[in-house]
Each structure stands twice: as structure tokens, then as C-alpha cells.
Amino acid sequence: MRAGVCALFGDDPVSLAEANFSRLVDDWLYQSRVRAEVHQKLTEELGKPPSPYDLAELQWGAELAIDQRLTPLAQSLWQQYFAPALPGVRLDWGRPRLAWPRLFTGVFPLRLVREEG
């Protein structure tokens with residue numbers, strides 16, 4: 001497995017960490033936690049579940065709820081588990097959004113940046 005990962009990212013620990021962090025944000029934080037919470041919030045607001053295929057005018061509110069819930073979780077994950085192992089590297093976190101007007105697929109603009117000095 002390590003050989004396959006190294007073939008993709010090389011031996012650069014920052015690239016490897018970025019790939020791992022990105023997977024954890026999407027799979028562990030968003031898919032298994034935040035997505036269900038946002039779905040529940042939208043259901044409560046509507047009085048029924050939102051369409052799984054088109055959030056329509058709910059997309060903006062869904063993205064805001066994703067940002068409010070996911071951003072602190074991702075930053076906490078970074079600070080607790082990744083930052084201590086990568087001194088001189090910072091998380092550049094962008095605002096999460098949905099790839100389409102549905103909750104299935106999020107877009108989480110992030111990158112790890114080596115700080116100058």
C-alpha cells in the first residue's frame with residue numbers, strides 16, 4: 001500500500017498529509033457526520049425531507065450550515081492530529097460548498113502550505 005501511495009504523492013510528507021487530511025474531512029467529518037446533521041436541519045425547517053436530487057433554493061442555506069459545522073471540526077482535526085507532526089506547515093482552508101445542489105458531494109478547498117522561514 002505504501003508503495004502505491006508513494007507513487008502518487010512521492011515521499012513528500014506534506015503531500016501525503018494533505019491527501020490523508022482531505023480524505024478524513026470528506027469521509028469521516030462530512031459524509032459520516034455533517035451531511036446527516038445538515039439533512040436533519042433542512043428537514044426540520046421544511047417539515048419534510050428535502051429532495052435528495054435538487055436542493056433548489058435550499059442550497060445556499062445548506063452550504064452555510066455545512067461551513068458552520070464542518071469548518072471548526074476540520075480545524076480541530078488539523079490542530080490535534082496533523083499540525084503537531086508538521087511544524088512549519090499551515091492549513092489553508094477555503095469555504096466548503098456543494099458540488100451540485102444536493103448533499104451527496106461536497107467540495108472542500110484545502111491545502112497544506114509550507115510557511116516561509
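Let me start with a definition: rings of Phe, Tyr and Trp (its six-membered ring) pair if their centres lie within 6.5 Å, and planes under 30 degrees apart count as stacked, over 60 as edge-to-face and the rest as tilted. On that basis, a search of the whole structure turns up 4 aromatic pairs.

A word on the source. This is a predicted model, where local features need pLDDT of at least 70 and side-chain atom pairs count only at pLDDT 80 or more, while totals for chains, interfaces and linings use all residues. Residues are numbered from 1 along each chain as its sequence is written, and side-chain values use heavy atoms, with hydrogens and water left out.

Now, one of the pairs. Helices here are DSSP runs of H or I, at least four residues; strands are runs of E, at least two; both are numbered from the N terminus.

Next pair. Tryptophan 78 and phenylalanine 82 are stacked, at 6.2 Å centre to centre with 15° between the planes. Both lie in helix 3, 4 residues apart, about one turn of the helix. Phe21, Trp78 and Phe82 together make one aromatic cluster.

Buried or exposed, tryptophan 78? It is buried, with a relative accessible area of 4%. Phenylalanine 82, at 13% relative accessibility, also counts as buried. The cut-offs: buried is under 20% relative accessible area, exposed is over 50%, partly exposed is in between (1.4 Å probe, protein chains only).

On to the core. A nonpolar core is a set of buried Ala, Val, Leu, Ile, Met, Phe, Trp, Tyr and Cys residues joined through side-chain atoms within 4.5 Å. The largest one has 30 residues, and those with the most contacts inside it are Phe21, Val25, Leu70, Trp78 and Leu103. Helix 2, helix 3, strand 1 (89–93) and strand 4 (110–114) each supply at least two of its residues.

Take leucine 70. Beyond residues up to four places away in sequence, leucine 70 touches Val25, Leu29, Tyr30, Val34, Trp93, Pro96 and Phe108. Contact means heavy atoms within 4.5 Å.

Last stop, threonine 71, also placed in helix 3. Threonine 71 is buried, at 12% relative accessible area. Leaving aside neighbours within four places in sequence, threonine 71 is in contact with Ile66, Trp93 and Pro96.
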